[in-house]
Amino acid sequence: MLQIVVIIACGALIAYLARLIKPYVSAQIARSKGSLPGGPPSYPIIGTLGIDDDEPWALMTKWNNLYGKDGMFTFFLGPQLQVVITDAELVRTLLKDPRLDGRPDTNLKRIFSSHALAFSEGTVWKDIRRFEIMALKDFGRGSGSKNLLEEYCQQAATDLVADVQEEAARGAFSTRSAILKCVANSIATTLCSTALKSDDPRFARLTDNVNVVFTEGTTPNSPLNVFPWLTAIPPFRQQQANVVSRITETLQMMQEVLDEHRANFDPDNVRDFMDAYLKEQTRHVDEGSASSFTDRQLLFMSIEMYFAGLDATLATLQWGMLLLSSNPRVLAKCQEEIDRVLGSTVIPQYTERHLLPYCEAMMNEVSRIGTVDPFGLPHRCLEDTPILNYVIPKDATVIVNYHGIHMSEKLWKDPHTFRPERFLDDQGKFQANPNNLPFATGRRMCSGDNFAKMIVFISMVSLIQRFNFRRVDTKPWTEIKRINGVGVHPDEFMLTATVR
Ligand code: HEM
């Protein structure tokens with residue numbers, strides 16, 4: 001009997017190891033035939049060594065320069081094949097292809113049990129993506145007389161101006177906490193009107209939970225992504241238990257808010273994202289159709305708004321403050337435009353951004369330089385996908401090196417110079433550049449891009465309108481370290497703000 005158990009256990013172990021080694025062997029054969037791009041030395045099961053959690057974008061760009069002759073190279077995270085693309089045109093082509101619509105099986109995806117937009121696939125993903133994009137256009141209310149979403153962002157920006165004025169009166173300060181409050185309140189009001197704003201007792205715990213969930217054992221380089229069984233072994237077991245309990249607690253918080261919403265729900269008066277979701281859910285129930293719109297999905301989508309939106313938008317605004325307070329020439333040009341078009345008291349509207357082309361160009365330049373999501377989110381190849389002379393195999397992970405694209409000497413003249421003019425045409429009109437991809441591109445590009453741009457635009461213009469900003473230290477901004485967290489932030493910097 002014991003012998004049979006041992007034989008079965010050995011058989012299972014051999015099958016498991018063979019499954020882990022297979023992608024490595026297949027990739028090595030494909031690399032040697034030239035049907036997969038090359039890459040740094042890698043080993044079976046353990047993968048490629050020396051991956052840097054501090055500045056991974058620098059390593060990816062270095063490997064691209066060494067191995068990526070067509071703007072693509074490959075490496076291994078544990079046993080999983082990773083294909084990295086640093087060519088903007090290839091990225092635009094590939095991410096339009098439905099075969100790249102998948103998401104790899106990561107620890108975070110398992111914790112979310114494939115819920116939320118970022119981790120779902122197939123019909124559910126299509127349904128909830130269509131809904132979220134529609135809901136973030138003023139909750140799908142169409143072009144009514146007032147745009148609630150814009151109103152919420154304007155209110156948060158007005159509070160931001162007051163907070164900055166208060167902090168500035170005490171001397172040099174960091175804008176981080178005032179901006180965090182502004183972004184969190186823009187997201188909270190959009191998601192659920194008055195609940196979960198910065199004065200809600202649940203707010204601090206919510207942002208802390210988001211930080212823990214998105215950094216503990218869930219970063220791209222974590223071994224838990226590729227070896228799920230590690231979650232049963234210390235110290236990973238405790239780490240995983242902590243993350244799961246934080247998610248459970250956050251789901252409970254969202255459930256409370258949802259219950260409050262359901263109790264006051266009026267389909268003819270949609271106040272926010274949750275109301276819009278409840279309306280969509282009711283429509284599906286009335287039609288008797290199978291629905292992707294479950295309560296559990298809404299709870300995870302609500303958490304996702306914080307994880308996908310909070311840190312990236314905060315980081316973008318922090319880059320904006322760093323760059324403007326280090327570049328008086330650009331700040332003065334923005335102020336001249338705002339004074340001429342809006343004057344000193346009119347609250348900016350995102351829908352009228354075409355009237356402020358220099359400011360819009362400046363924000364595009366901030367997003368390019370900041371590249372707060374340097375690799376976007378990873379994609380999973382759903383079936384073998386030919387590209388150039390290569391074939392990306394089914395289940396390979398595809399990563400885009402947006403940082404490499406945004407800092408490419410081939411695509412941008414002086415990429416390390418902060419120059420908004422590169423986004424203006426000869427007549428001074430704003431001109432988008434297809435190689436600037438802060439929100440990614442293609443079928444899975446950021447679904448909150450317009451919402452994020454609205455928060456950034458209204459907040460930045462409001463601040464520039466009211467204050468002169470100056471950094472207090474003389475270190476050039478290019479020497480401020482990029483800190484790798486949920487998003488990439490500039491390291492702490494202090495500035496003064498004087499009322500204009
Ligand atoms: C400046 C702020 C932001 C930046 C730079 C940013 C950037 C990105 C990037 C690069 C992706 C990966 C796309 C891909 O997989 O190819 C993404 C995905 C996503 N973003 Fe954003 N984002 C921002 C703000 C927001 C906000 C405010 C929200 C929500 C309201 C949001 C919701 C999402 C969602 C749900 C996804 C997953 C889309 C999908 O898988 O279909 N983002 N974002």
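Cys446 sits in the loop between α15 (402–406) and α16 (449–466). Helices here are DSSP runs (H or I, at least four residues), numbered from the N terminus. The model is predicted: local features need pLDDT of at least 70, side-chain atom pairs count only at pLDDT 80 or more, and totals for chains, interfaces and linings use all residues. Residue numbers start from 1 along each chain as its sequence is written.

UniProt, in an unreviewed entry, lists Cys446 under "binding site". Such annotations may be inferred rather than shown by experiment. Cys446 counts as buried because 22 other C-beta atoms lie within 10 Å; the cut-off is 20 or more, with C-beta atoms placed from the backbone. Beyond its neighbours within four places in sequence, Cys446 contacts Phe439 and Ala440 (C-beta atoms within 7 Å).

## The ligand shell

The ligand has 24 residues around it, and Gly309, Ala312, Ala440, Cys446 and Gly448 come nearest (near: C-beta atom within 6 Å). Two or more shell residues come from each of α12 (295–326) and α16. The largest share, seven residues, belongs to α12.

By class, the shell holds 14 nonpolar, six polar and four charged residues. Cys and Ala count as nonpolar, Gly as polar, and Asp, Glu, Lys and Arg as charged.

## Nonpolar cores

The largest nonpolar core has 96 residues, of which Leu160 and Val183 touch the most other members. Such a core joins buried Ala, Val, Leu, Ile, Met, Phe, Trp, Tyr and Cys residues through C-beta atoms within 7 Å. Its largest share, 19 residues, comes from α12.

Methods: A residue is buried if 20 or more other C-beta atoms lie within 10 Å of its own, exposed if 12 or fewer, and partly exposed in between; C-beta atoms are placed from the backbone. Two residues are in contact if their C-beta atoms, placed from the backbone, lie within 7 Å.
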